[in-house]
Amino acid sequence: MALVSGTSSRRLFIAAAAATAFAFSAPVAFAAGTDNKPAEIVAALGQDLGKLAGDSKAMNGAQRLDAVSDLLHRYFDLPKIAANTIGARRFRGLSEIQKADFVEAYTRFTIASYIRRLPQFDATGFAVGAVSDGPSGLAAVRATYSGTQSGQSVLDFVLTDTPNGYRIVDLRIDGDISELAVRRAEVSKVLDDKGFDGLIALLRDRTAALSEG
């Protein structure tokens, strides 16, 4: 579920935003890479999502919440994703309490979005391809996904090497649609229209709607 508009079902992988301290509003150049670890991370995400999609049918709500939360924290850098969804400069201008409130609210929204879309995922339609290297420790992994409701999409996962291993920090759909840019635009609009408190309230409302639906 988008904050201000509809969201396509093919965006199952989206953690609802992405990026560390770099801005992806401008293109980032990648060259063929030699480290295969980023591809292993993306392949493992697909496998774990497929397994969880099946296992979750026998889970209650609390178990499903815990399982999806664990998976997302394992493969995505959620605090940094949240910070850069609101924008590095705007995030720095928040108080420490506001920063914590936004990271928590955005992370809960992301987890609820994944739980809602999880039944749609079919791991047999997910294939991982080549790895490319970029600046500042970035790596890109190209994959394809042929979902039952979405047709085939080309997915470029952008990862960064952290002390805890590679983590996904952005997703580009069909070569040029950055999820970071989409989510940042949505969040910026809400901030401009409703202010910080309005943004937090909307995130919580959207999370509750996803959880109830």
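This briefing describes the fold, the confidence and selected side-chain interactions of one protein chain. The structure is a predicted model. The chain has six helices and six strands, and 47% of its 213 residues count as buried. The mean pLDDT over the chain is 82. Nine salt bridges are present in the structure.

**Overall fold**

- Read along the sequence, the secondary structure elements follow the pattern β-α-α-α-α-α-β-β-β-β-β-α.
- Among contacts between residues at least 6 apart in sequence, 69% join residues at least 24 apart.

**Confidence in the model**

- A pLDDT of at least 70 is reached by 81% of the residues.
- Helix H2 has the highest mean pLDDT among the elements of the chain, at 95, whereas strand S1 (residues 31-32) has the lowest, at 57.
- Residues 5-27 have a pLDDT below 50, and in the model this stretch has 82 contacts beyond near neighbours in sequence.
- Where pLDDT is low, the predicted coordinates should not be read in detail.

**Packing of helices H3 and H6**

- Helix H3 (residues 78-86) packs with H6 at an angle of about 75 degrees, and the two axes are 7 Å apart.
- This angle falls in the range of 65 to 115 degrees, and H3 and H6 are therefore roughly perpendicular to each other.
- On the H3 side, the contact is made by Asn84, Thr85 and Ile86.
- On the H6 side, the contributing residues are Leu180, Arg183, Arg184, Val187, Leu191 and Leu199.

**Glu186 in helix H6**

- Glu186 lies in helix H6, which covers residues 179-212.
- The relative accessible area of Glu186 is 7%, so this residue is buried, the cut-off being under 20%.
- The side chain of Glu186 makes a polar contact of 3.0 Å with the side chain of Arg183.
- Arg183 is also one of the H6 residues in the contact with H3.

**Salt bridges around Arg74**

- Side chains of opposite charge can pair when their charged atoms come close.
- Arg74 and Asp48 meet through their side chains in a salt bridge, with an N to O distance of 2.8 Å.
- Arg74 belongs to helix H2 (residues 61-75) and Asp48 to helix H1 (residues 37-55), so this pair ties together parts that are 26 residues apart in sequence.
- Arg74 also forms a salt bridge with Asp70, in which the closest N and O atoms are 2.4 Å apart.
- Both Arg74 and Asp70 lie in helix H2, where they are four residues apart, about one turn of the helix.
- Arg74 is partly exposed, at a relative accessible area of 36%.
- Asp48 likewise counts as partly exposed, at 25% relative accessibility, and Asp70 is partly exposed at 44%.

- Glu96 and Lys99 form a salt bridge whose closest N and O atoms are 3.3 Å apart.
- These two residues are three apart in helix H5 (residues 96-117), which means that about one helical turn separates Glu96 from Lys99.
- Glu96 counts as exposed, at 61% relative accessibility, whereas Lys99 counts as buried, at 17%.
- Elsewhere in the chain, salt bridges that share partners join Asp48, Asp70 and Arg74 into one network.

- Thr162 is found in strand S4, which spans residues 151-162.
- With a relative accessible area of 15%, Thr162 is buried.
- A polar atom of the Thr162 side chain lies 2.6 Å from the backbone oxygen of Gly165.
- Leaving aside neighbours within four places in sequence, Thr162 is in contact with Asp77 and Arg167.
- Gly137 is 25 residues from Thr162 in sequence, and the C-alpha atoms of the two residues are 8.7 Å apart in space.

Definitions and conventions: Residues are numbered from 1 along each chain as its sequence is written. This is a predicted model: local features need pLDDT of at least 70, side-chain atom pairs count only at pLDDT 80 or more; totals for chains, interfaces and linings use all residues. Side-chain values use heavy atoms; hydrogens and water are left out. Buried means under 20% relative accessible area, exposed over 50%, partly exposed in between (1.4 Å probe, protein chains only). A polar contact is a pair of N or O atoms within 3.5 Å; within protein, one must be able to donate a hydrogen and the other to accept it, and residues adjacent in sequence count only if both atoms are side-chain atoms. A salt bridge is a side-chain nitrogen of Lys or Arg within 4 Å of a carboxyl oxygen of Asp or Glu. pLDDT is the predictor's confidence in each residue, from 0 to 100. Contact means heavy atoms within 4.5 Å. Axes are lines fitted to C-alpha atoms, for helices over the stretch in contact, and angles run from 0 to 180 degrees between N-to-C directions. Angles under 35 degrees count as roughly parallel, over 145 as roughly antiparallel, 65 to 115 as roughly perpendicular and the rest as oblique.
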